[in-house]
2 protein chains.
Amino acid sequence: MLRLQLSPCGFDTIPTVSIEFKIEARDGSARCGRLSTPHGEVETPVFMPVGTQASVKAVPQDILEELGVQILLGNTYHLYLRPGVQQVRRLGGLHGFMSWNGAILTDSGGFQVFSLNELRKVSEEGVTFRSHLDGSSHFFSPENATEAQIGLGADIIMAFDECTEYPAEPQRVRESMELTLRWAARSKKYFEEHKHAVPWGKVSSFQFLVSSAQNTGNRKPETGNYQALFGIVQGGTDPRLRRESAERTIEIGFSGYAIGGLSVGEPRSLTREIVESTIEHLPTDRPRYLMGVGTPEEIVEYANLGVDMMDCVLPTRAARHGLLFTSEGKISIKQARYADDAGPLDTNCACSVCSRYSRAYLRHLYAANEVLAQVLNTIHNLSFYLDTMRRVRHSIELGRKTRSLSEVWSLRER
Amino acid sequence: MLRLQLSPCGFDTIPTVSIEFKIEARDGSARCGRLSTPHGEVETPVFMPVGTQASVKAVPQDILEELGVQILLGNTYHLYLRPGVQQVRRLGGLHGFMSWNGAILTDSGGFQVFSLNELRKVSEEGVTFRSHLDGSSHFFSPENATEAQIGLGADIIMAFDECTEYPAEPQRVRESMELTLRWAARSKKYFEEHKHAVPWGKVSSFQFLVSSAQNTGNRKPETGNYQALFGIVQGGTDPRLRRESAERTIEIGFSGYAIGGLSVGEPRSLTREIVESTIEHLPTDRPRYLMGVGTPEEIVEYANLGVDMMDCVLPTRAARHGLLFTSEGKISIKQARYADDAGPLDTNCACSVCSRYSRAYLRHLYAANEVLAQVLNTIHNLSFYLDTMRRVRHSIELGRKTRSLSEVWSLRER
């Protein structure tokens, strides 16, 4: 077991372990691990549901717990704009604010500035952008994006990066990668100097009572625990630049390493190629996080390449459009063929939706524009993603080398 | 204990009890009762959440069970238009279709035709109206509205009536009341001749397995049990017409009696006056159902007048607009004053929302237009209504004569 990020700053004398990562099984490139965070353990490889605005859309937190969610993702960009970092901080950080006692990861806001702002202006200092809510002007730098993430208080936070667009000229990709490396160093410096400002422990007594009463098993962070900062590898679709970005990011030194700048329009075969070639250059003893992927097939594939953490809006967003993932393929529940179908969505799925409701009912809810359609569809899709990853972990433990979604779902239970 | 609606039709030789109603405590005009239906018992006075399109908007059925919902309401008008009666029937009736094993009541569609159709045409035979979905033309008569309700298979169904508008000329009110009486007799005749066609027992094996596994405590209806048909008293705001309507409806003979045609624009003092004077003329040993009310204050008041059943879209609809009912009054959660409020919505409420989330978080969810706002707000409002009625029942049992919402919420627990 590795102890990461041992107190380098001397703000106090208490041990300042932020996360621990222990690999428990290997199967080819794939590995099963256990990531210990200030808010509980996370079994890896893990799929992290996205809770953009401090809510995994349409799903109450107790249902996320029932689904076995151990870590979820919040978006700094959105939370910075609404309700604002200071307000979240005053209410105990994201954990207290949304009453979630499991682990949380926040992105740095870099990707949203890239994807939601066509009018952004990038300089050495940072990025000027306009709010998608009211058009107001804002500025993110490595320093204030890190400050925002310390205020939000997630267990794992990300260095501020520039997400390079696809396609891009080689010179542009290099310059962007170099900028991300300089920003990574600035993010780390700011983090080390300010990480003691994490809001844990400032949770109001109401929140604390609630947490204690309702979430037995989840622990309140021990004093002295800080957040963990991950670096992000960029470099577009050039394997040499990816290697260089990986090596120089590792030189700066982070608790974990993310692969960013993929799933931005490039063909999926190229995504896979870049993931595979980048992973070779990442330390085996640190968590590897592939940002913003993917379909159920892809998350199985990437886990097999040795990715430990993934996130994507696909299961939650698709659910709201009536697209449901099952062990036998994707279903568009709005189709008339399901109107009389008394069977469950997925006979192989044990989730609360498949155990109780018929396809006919789910089709009706969607057609009738009922809010419950969003709730139930999202619960099922998340359950399918989480169950898929559970099966991937099981397969790795057994050394079965299951390499595809259908193989994973044919795997016999223990 | 009364046994109502003993087999008058001779379709078979099995006893055909539909509902039983037993009064267990009295306190002035108020009474506590137990209504036994083919799908479980209902403690009265009861507030019935509205599940217009086979869904109590935004709330999964298992949460309704956790809230202690024993009976909910479906709207024949909406379900007839979408997904259609035959489809619901094929899927085991409303219980099978929506996977709800508690009791269900459907209205006759009369009120929706009245409230959603300005272009309706009423004749002796029935009402021609246009679908609010696609403008298509439809016709409801006492016979086919009853047929639809038998197909939907609720435990309690309603005679087809005309809801008289307010204000209306005396002559118009009398004619409308007379029409409702003729329709009541036709509804009953059709029901007695066709009640064996209820879809119970035709539930698909999947639905049956699901029901058995998930809803222990709820029972599958015994063979031979039929639905119960309730009559509706009309007569506008004239106490003499209300009395006549009550007496002549009782003459026709129903398992229970509803007071319809109120909450249609008249002042609330008049509503109360009419309810009070009408109740005098209803049999004490049958359930009394006041349709379409009310605020938390009103449901306490009406229960105290001796009303046994009520329904209203208010708690669910208000929730979706951020209006939340608490033991200390109504809250508009969108207000900026709640942005920093770390306390629970209602310190006296033990619901899953008040136990876990802060006002600040609920305010954020609403402001950020998150679907979870609708889910959590609805859960709280329903919990508040159900808890209010639980406290009213408790007060009646204790003979405390608590006559207002605030008194009910100050009542010490047993």
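1. Let's start with B:S263, which sits in the chain B loop that runs between β13 (256-259) and α10 (268-279). This is a predicted model, and in it the phi of B:S263 is near 55 degrees.

2. You will find B:K401 in the loop of chain B between α14 (371-398) and α15 (405-410).

3. Next, the cis peptide bonds in chain B. One joins B:T44 to B:P45, with omega near -5 degrees. B:P45 belongs to the loop between β4 (40-44) and β5 (46-48) of chain B. Another cis bond leads from B:Y166 to B:P167, and its omega is near -5 degrees. Here the proline, B:P167, is placed in the loop between β11 (156-158) and α7 (170-194) of chain B.

4. That brings us to α7(B) and its packing against helix α9 (residues 239-252) of chain B. Two packed helices are described by the angle between their axes and the distance between the axes. For α7(B) and α9(B) the angle is about 15 degrees and the axes are 10 Å apart. The two helices are therefore roughly parallel to each other, since angles under 35 degrees count that way. α7(B) passes α9(B) in a right-handed crossing.

5. Which residues make this contact? From α7(B) come B:V173, B:R174, B:M177, B:E178, B:L181, B:A184, B:A185 and B:K188. From α9(B) come B:L241, B:E244, B:S245, B:R248, B:T249 and B:I252. By class, the residues of the contact of α7(B) with α9(B) are 7 nonpolar, 2 polar and 5 charged.

6. Finally, a stop in chain A. How do strand β16 (residues 323-326) and strand β17 (residues 329-332) of chain A run, parallel or antiparallel? They run antiparallel, and 4 bridges join them. β16(A) and β17(A) form a hairpin, with 2 residues between the strands. If you want one pair to display, A:L323 has A:S332 as its bridge partner in β17(A).

Definitions and conventions:
Residues are numbered from 1 along each chain as its sequence is written. Chains are lettered from A and ligands numbered from 1 in the order in which they are written. This is a predicted model: local features need pLDDT of at least 70, side-chain atom pairs count only at pLDDT 80 or more; totals for chains, interfaces and linings use all residues. Side-chain values use heavy atoms; hydrogens and water are left out. Two strands pair if DSSP finds at least two bridges between them. Axes are lines fitted to C-alpha atoms, for helices over the stretch in contact, and angles run from 0 to 180 degrees between N-to-C directions. Angles under 35 degrees count as roughly parallel, over 145 as roughly antiparallel, 65 to 115 as roughly perpendicular and the rest as oblique. A crossing is left-handed if the near helix is turned anticlockwise from the far one by less than a right angle, and right-handed if clockwise. Contact means heavy atoms within 4.5 Å. Ala, Val, Leu, Ile, Met, Phe, Trp, Tyr, Cys and Pro count as nonpolar, Asp, Glu, Lys and Arg as charged, and the others, Gly among them, as polar.
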